[in-house]
Amino acid sequence: MDSYSLICFTKLYQLGSIHKAADELYISPQSMSKRLQRLEEELGQMLFERSPSGLAPTPHAHQLAYSANIILNEYERVRAVFNGQTNDSACTLHIASTYGVPKRLSLAFIQDFYRENPSIRLDLVEYPEYPIFDMLDEGKIDFAFLPEPIDIVKYEIEYCFSHRYCLVVNKAHPLAERDSVEYRDLNGIPLAIKGRDYSFYPVNMTRFSRGGLTPQILLEISDDSLIVEAARQNWCAGITADFFAEQYADDRVAVIPFCDDSFTRNIFLVRRKNQEMSAAEKRFWTFTTDWIQKNMEDSGR
């Protein structure tokens, strides 16, 4: 195992596609496939489930992604030291995020931060939600972007923005003409939803139960694009956040809000309590809250 193999793995983990990861690293898909095969053989574990729609990380991939990020960051730090490239005023902030937040913030967020803080670099990586809390507790990251529920006894939080959950269905589906849906409307309907590594699952299974819905879960997955794709093919209905629905839906997909206005995904900037912030951490915290307030319409509550 070498650093480049871990870089290839990280791209595969982030993008869920051999072709997309290969394009990002300017290598052939065949070379990327061989890298993945050798890594799986070396570890003795399958890292991704293969399907025509892409790669789905296994639990072993989630574990390796966490470790690979630490290893690659340390590798870059050591290399900089031996190349004489260190700068006492420069630093890197390590940030973990639930899926979709960096895309929602946009590249402009990072560009504006760098413009105002040229000596600070951001290491921003997406993970399933539950491992992120462990990383915070162990001091392996400085900040996290996470949805509720969050233990405010342990963590300091700052509200960022919200998404409403919605139903996505093929326009031939019986519910496609509805202006809104209730939980009970989904009884007996096969559903694709976010999996059990996400706060959506336990919180909203309870919500569905209270609403009289016994969900028929056909697919649990981390990739919201595949939830929308399942709806597009009329294989099942999907539940996702409106931001993802807007990103991935086309003219074959109907996006229907839930009647329950409280069915939302509220995102927070999170840090451990009772930990003194460095100057760089204070800058990031203040910049993030100010930037979101000025640039995102859904930052008000």
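Q: Which element has the lowest mean pLDDT, and which the highest?
A: This is a predicted model, and among the elements of the protein α8 comes out lowest with a mean pLDDT of 77. The highest is β10, with a mean of 96.

Q: And what's the average over the protein?
A: The average pLDDT is 87, and 94% of the residues score at least 70.

Q: What should I do with low-scoring spots in general?
A: Where pLDDT is low, the predicted coordinates should not be read in detail.

Q: OK, back to α8. What unit is it part of?
A: Helix α8, residues 200-210, makes a right-handed β-α-β unit with β7 and β8.

Q: How do β7 and β8 pair, parallel or antiparallel?
A: Parallel, over 5 bridges, with β8 covering residues 216-221. In that pairing proline 190 stands opposite glutamine 216 in β8.

Q: Which other strand does β7 pair with?
A: Strand β9, residues 237-241, also in the parallel sense, over 2 bridges. There leucine 191 faces alanine 237.

Q: Switching to aromatics. How many aromatic pairs are there?
A: The count is 18 aromatic pairs. One of them is tyrosine 183 with phenylalanine 263, an edge-to-face pair at 5.7 Å centre to centre with 75° between the planes.

Q: Why would I care where those two sit in the sequence?
A: Because the pair ties together parts that are 80 residues apart in sequence. Tyrosine 183 is in the loop between β6 and β7, and phenylalanine 263 is in the loop between β10 and β11.

Q: Are those two buried or exposed?
A: Tyrosine 183 is buried at 10% relative accessible area, and phenylalanine 263 is buried too, at 0%.

Q: Which residues are in the ring cluster?
A: Ring pairs link Phe109, Phe113, Tyr114, Phe143, Phe145, Phe284, Trp285, Phe287 and Trp291.

Q: Tell me about phenylalanine 109: where is it?
A: In helix α6, residues 107-116. Phenylalanine 109 is buried, with 1% relative accessibility.

Q: Which arginines sit over a ring?
A: Arginine 121 lies over the face of tyrosine 114, at 4.2 Å from the ring centre. Arginine 104 has its charged end over the ring of phenylalanine 161, 5.7 Å from the centre.

Q: New topic, cysteines. How many disulfides are there?
A: A search of the whole structure finds 0. Cysteine 166, for instance, is in no disulfide, and the nearest cysteine sulfur, that of cysteine 259, is 13 Å away. Since a disulfide here needs sulfur atoms within 2.5 Å, that distance rules it out.

Q: And cysteine 236, how far is the nearest sulfur?
A: 14 Å, and it belongs to cysteine 166. Cysteine 236 is buried at 4% relative accessibility, and cysteine 166 is buried at 3%.

Q: Which residues have a positive phi without being glycine?
A: Serine 106 is one of them, with phi near 85°, and asparagine 274 is another, at about 60°.

Q: Where are they, and is each exposed or partly exposed?
A: Serine 106 is in the loop between α5 and α6 and is partly exposed at 27% relative accessible area. Asparagine 274 is in the loop between β11 and α11 and is exposed, at 79%.

Conventions
Residues numbered from 1 in each chain as written. Predicted model: local features only at pLDDT ≥ 70, side-chain atom pairs only at ≥ 80, totals over all residues. Heavy atoms only, no water. Phe/Tyr/Trp six-rings, centres within 6.5 Å; stacked < 30°, edge-to-face > 60°. Helix = DSSP H or I, 4+ residues; strand = E, 2+ residues; numbered from the N terminus. Buried < 20%, exposed > 50% of the residue type's maximum accessible area, 1.4 Å probe, protein only. Lys NZ or Arg CZ within 6 Å of the ring centre and 35° of its normal. Pairing = 2+ DSSP bridges. Right-handed = clockwise from strand over helix to strand, strands pointing away. pLDDT = per-residue confidence, 0-100.
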